[in-house]
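Subject: Structure for you to look at

Hello,

Here is the structure I said I would hand over. My notes on what was found follow below.

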Amino acid sequence: MKQQTIPKQIQEAFASEVQRYGNHIYHLGKEAGVAYYGFAYPDDLDIYLPSVYGYDGHSVVITDSAEVARLFSLFGVE
């Protein structure tokens, strides 16, 4: 499987998580020309809905909690 390159803009959006927990950014999937990325938080951390950012090739797309839930359902994330 080809390793997904994480855009610099997405790495910057997750900078505080990466600094605190390490580089655990992953590609969720792509919809309507936007590639979505999540962050794999440590198992012992209680996070209701983690942050998800999209990248349309030019800028970061911010998601709200309803959109995160929809994207997780769409891409099969539990």
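Which residues of S3 point one way and which the other way, and are they buried or exposed? Val52 and Gly54 point one way from S3, Tyr53 and Tyr55 point the other way, and all are buried. Buried here means under 20% relative accessible area, exposed means over 50%, and partly exposed is in between, with a 1.4 Å probe and protein chains only. Strands (E, at least two residues) and helices (H or I, at least four) are DSSP runs, numbered from the N terminus.

On the source: this is a predicted model, in which local features need pLDDT of at least 70 and side-chain atom pairs count only at pLDDT 80 or more, while totals for chains, interfaces and linings use all residues. Residues are numbered from 1 along each chain as its sequence is written, and side-chain values use heavy atoms, with hydrogens and water left out.

Strand pairing

Two strands are taken as paired if DSSP finds at least two bridges between them. S1 (25-31) and S2 run antiparallel and are joined by 6 bridges; Tyr26 has Gly38 in S2 as its bridge partner. S2 and S3 also run antiparallel, with 4 bridges, and Tyr37 stands opposite Tyr53 in S3. S3 then pairs with S4 (residues 60-62) in the antiparallel sense over 3 bridges, and Val60 in S4 is the bridge partner of Tyr55.

The hairpin of S3 and S4 has 4 residues between the strands, and Gly57 takes a positive phi near 100 degrees there. The hairpin of S1 and S2 has 2 residues between the strands. Ala32, in the loop between S1 and S2, has a positive phi of about 50 degrees although it is not a glycine. Most residues other than glycine have a negative phi. Ala32 is exposed, with a relative accessible area of 79%.

Cores

A nonpolar core is a set of buried Ala, Val, Leu, Ile, Met, Phe, Trp, Tyr and Cys residues joined through side-chain atoms within 4.5 Å. The largest one has 10 residues: Ile6, Ile10, Phe14, Ile25, Ala35, Tyr37, Phe39, Tyr41, Tyr53 and Tyr55. The elements giving two or more residues to this core are S2 (34-39) and S3 (52-55), and S2 supplies the largest share, 3 residues. A second, separate core of 7 residues includes Leu28, Val34, Tyr36 and Val68.

Phe39 and Gly22

Contact means heavy atoms within 4.5 Å. Leaving aside neighbours within four places in sequence, Phe39 is in contact with residues including Phe14, Glu17, Val18, Tyr21, Gly22 and Pro50. Gly22 lies in the loop between H2 (15-21) and S1 and counts as partly exposed, at 24% relative accessibility. Gly22 and Tyr41 are 19 residues apart in sequence and 9.1 Å apart in space, C-alpha to C-alpha.

The largest pocket has a volume of about 200 Å³. Of the 14 residues lining this pocket, the closest to its centre are Phe39, Ala40, Tyr41, Pro50 and Glu78. A pocket is an open set of points on a 1 Å grid over the protein atoms alone where a 1.4 Å probe fits, with protein on both sides within 12 Å along at least five of seven lines; lining residues have an atom within 4 Å of a point. The volume is the space filled by probe spheres set on the points, which are joined across faces, edges and corners.

Regards
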